[in-house]
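Hi,

Here is the model I promised to pass on. Have a look at it first, then read my notes below.

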Amino acid sequence: MATKVVHFSLPRSVLTFDESDPVKVAPNGVQYMDVRALGFYAGEHKGFVYSQDHIKQLEDSFSAPSEELFGQIPLMCDHSYSNRDKVGHLRAVRTVGSNSEIIARVVGEDAIKAVKEGKFRTLSAGIAMSYDPDDDPEDPEEDDEDEDTDPFSESGDEESEEDMSWADYCKSFKVAYDHMAFTPFPALPDCKTYKRSAKTMSDVKKLAKEKTMEELRLHAATLEADLAAEKAARQKAETEKSQIEAQSAAEKAAIERKFASEQKAEALVREGKISPAQKPFIAAFMASLDDEQLAIYEQSMAVAPKVVLYGVDGCADTRRPEEQNPLAANDQQSAANAKSRARELLIKYSQAGSHATQRERILSQESDQYAKDVLRGSK
């Protein structure tokens, strides 16, 4: 049995459907719509004569589908055999006079929209034609091996065609629907799937190349935008990091300057240049000076006379500096240790940066009250 599928454009095959309620929904939520059209008709097509018997064969060879969304005879786009181009299937075939009328089910929202908008409105038939040498009415018992009866072979037996009329020869073929298809007729310039200009393979390749170049340009633009955004984010992060580092460095320098000023003020108290009550004010004043101003102030204090302290009786206090210091001589080592601990606490406090929570935790964990007072500015 030799079989060949032949495509036939049918300008008369215009779709019709129920305007009142064309779209239905399957249990799985998929939309579908049934349409009616002329599938084929008797007459001469592409030089071949199709009789009323052929039209009847189209009906007899068709089996109605049992499933709602699937059928044996597919409804395709442009006679494609790819499953992605399938937009429905045939539901029924019937003979009306010399015509073979069909009911097709269009499946899917996009395909239904194309039909309703008139983009898909004409059909093309894919007819499977087969010829069995055993059914030759002129020589029914002739052995297959003695005669080449392939109707599609150029080396076929020409004598068999001479023994019968062309119409009788055509009748020896069996026909059945292989598929139906929507095709890119010029009347459908706005068709989503096909375009009027894509008539040749070179046109198709040109359109594909243009589409590819456009996609590449869009992709490059997207990458450029992403890189610019990433660069901006990186610069912002670096700026914030620099600001935090600068703030931390400034706070650390201020703490170290405050500690150094307190040490210098303590030395002035021991030298008798200022009274103990003046110490916190002198220390704060020295911390507010820049390096040049501080150097001038230290030079002036170096040549300043000692402060004369008066006792309770109004007489000059003649005690030695270590006796005038609130800390007794035997507690001087403890005071030195407290000051060293205060300096360590200041460094740890500066390393915490601008994190207030960490600073409060450092203060709460410190047991040396003198160091805590130095950090708070009360010493």
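First, a term: a residue is buried at under 20% relative accessible area, exposed at over 50% and partly exposed in between, using a 1.4 Å probe and protein chains only. Keep in mind that this is a predicted model, where local features need pLDDT of at least 70 and side-chain atom pairs count only at pLDDT 80 or more, while totals for chains, interfaces and linings use all residues. Residues are numbered from 1 along each chain as its sequence is written, and side-chain values use heavy atoms, leaving out hydrogens and water.

Now the nonpolar cores, meaning sets of buried Ala, Val, Leu, Ile, Met, Phe, Trp, Tyr and Cys residues joined through side-chain atoms within 4.5 Å. The largest has 42 residues, and Phe40, Val115, Ile127, Tyr177 and Phe182 touch the most other members. Strand β3 (residues 31-41) gives this core its largest share, six residues. A second, separate core has nine residues, among them Leu268 and Leu289.

One last thing to look up: Lys46 lies over the face of Phe8, 5.3 Å from the ring centre (the cut-offs are NZ of Lys or CZ of Arg within 6 Å of the centre and within 35 degrees of the ring normal).

Cheers

Note on methods:
Helix = DSSP H or I, 4+ residues; strand = E, 2+ residues; numbered from the N terminus.
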